[in-house]
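Morning, everyone. Please look at the structure on the screen while I talk.

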Amino acid sequence: RAFRALAESTPNQDASRRDAPIRELRGVRRDGSGFPIEMGLSQLPAMDGKGLCYFASIRDISERKAAEARLAALEARSRLILASVEDGIVEVDEKGRISFANPAAPRMLGFGEQEVLGAELHALLHRNYPDADRCRLCHPDVEEATWRVDDEVLWSKSGAPIPVEYSLTPVYADGRIDRAVIVYRDISERKRTEQAIADERSRLQYILDTSPVGISFSTGDRIH
């Protein structure tokens with residue numbers, strides 16, 4: 001049946017030889033079970049100048065299909081994991097251009113995915129720092145090991161500063177740094193909490209410094 005389908009798809013022409021495109025079809029074993037096959041069909045010169053003559057090649061591609069299915073499942077799982085992470089994850093090449101971004105990376109800064117892919121990271125997200133030559137985000141190849149910064153600022157599409165902490169990990173290929181993966185996290189809430197604690201400490205210190213009466217605190221048997 002598969003042979004007939006390929007033969008019928010190859011119109012009869014006055015040609016000494018013509019190949020039909022290789023197709024993926026479904027084969028059936030003697031026990032009735034099916035399996036994927038790849039079939040190619042070539043038209044050969046007719047014997048004695050009569051009728052049609054074909055040469056068919058058939059290959060069992062069960063293992064290849066199973067490997068493709070496993071790879072597709074792995075890719076789908078990886079996309080799901082990256083999509084569920086709240087941290088921004090970007091990959092940049094040796095020139096600092098963004099080659100990959102998970103959904104959170106552009107969303108955190110108000111960009112669309114297509115706005116960041118292929119863009120230079122420094123010019124897009126670190127643009128208020130004019131000295132690009134000294135920017136580690138712009139030149140990831142200067143770091144030989146993972147670099148961590150806990151107090152940085154990236155700039156949103158609207159121009160608002162977003163405090164972040166980030167890590168930069170170089171990726172090696174053929175013994176040299178080929179690209180880098182940068183993971184950054186919005187720490188705006190943490191900064192607000194730290195500022196609130198600092199303000200409260202300042203307020204309490206002011207009360208202690210200006211109080212007309214003596215105030216002391218004790219911890220166990222110690223007086224402060």
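Start with contacts, meaning heavy atoms within 4.5 Å. Take the contacts in the protein with a separation of 6 or more: residues 24 or more positions apart account for 40% of them.

A word on the source. This is a predicted model, where local features need pLDDT of at least 70, side-chain atom pairs count only at pLDDT 80 or more, and totals for chains, interfaces and linings use all residues. Residues are numbered from 1 along each chain as its sequence is written, and side-chain values use heavy atoms, with hydrogens and water left out.

The protein has 6 helices and 10 strands. These are DSSP runs numbered from the N terminus: helices are H or I, at least four residues, and strands are E, at least two. Of its 224 residues, 29% count as buried. Buried means under 20% relative accessible area, with a 1.4 Å probe and protein chains only.

Now the core. A nonpolar core is a set of buried Ala, Val, Leu, Ile, Met, Phe, Trp, Tyr and Cys residues joined through side-chain atoms within 4.5 Å. The largest one has 22 residues. V90, L125 and Y184 are among those with the most contacts inside it. Several elements supply at least two residues each, including helix 5 (121-125) and strand 8 (176-186). Strand 7 gives the most, with 4 residues.

Which residues does L125 contact, leaving aside neighbours within four places in sequence? They are L109, F111, L154, W155 and Y184.

Last, S156. It sits in the loop between strand 6 and strand 7. S156 counts as buried because its relative accessibility is 6%. Not counting residues up to four places away in sequence, S156 touches L109, F111, R127 and I162.

Notes
Buried < 20%, exposed > 50% of the residue type's maximum accessible area, 1.4 Å probe, protein only.
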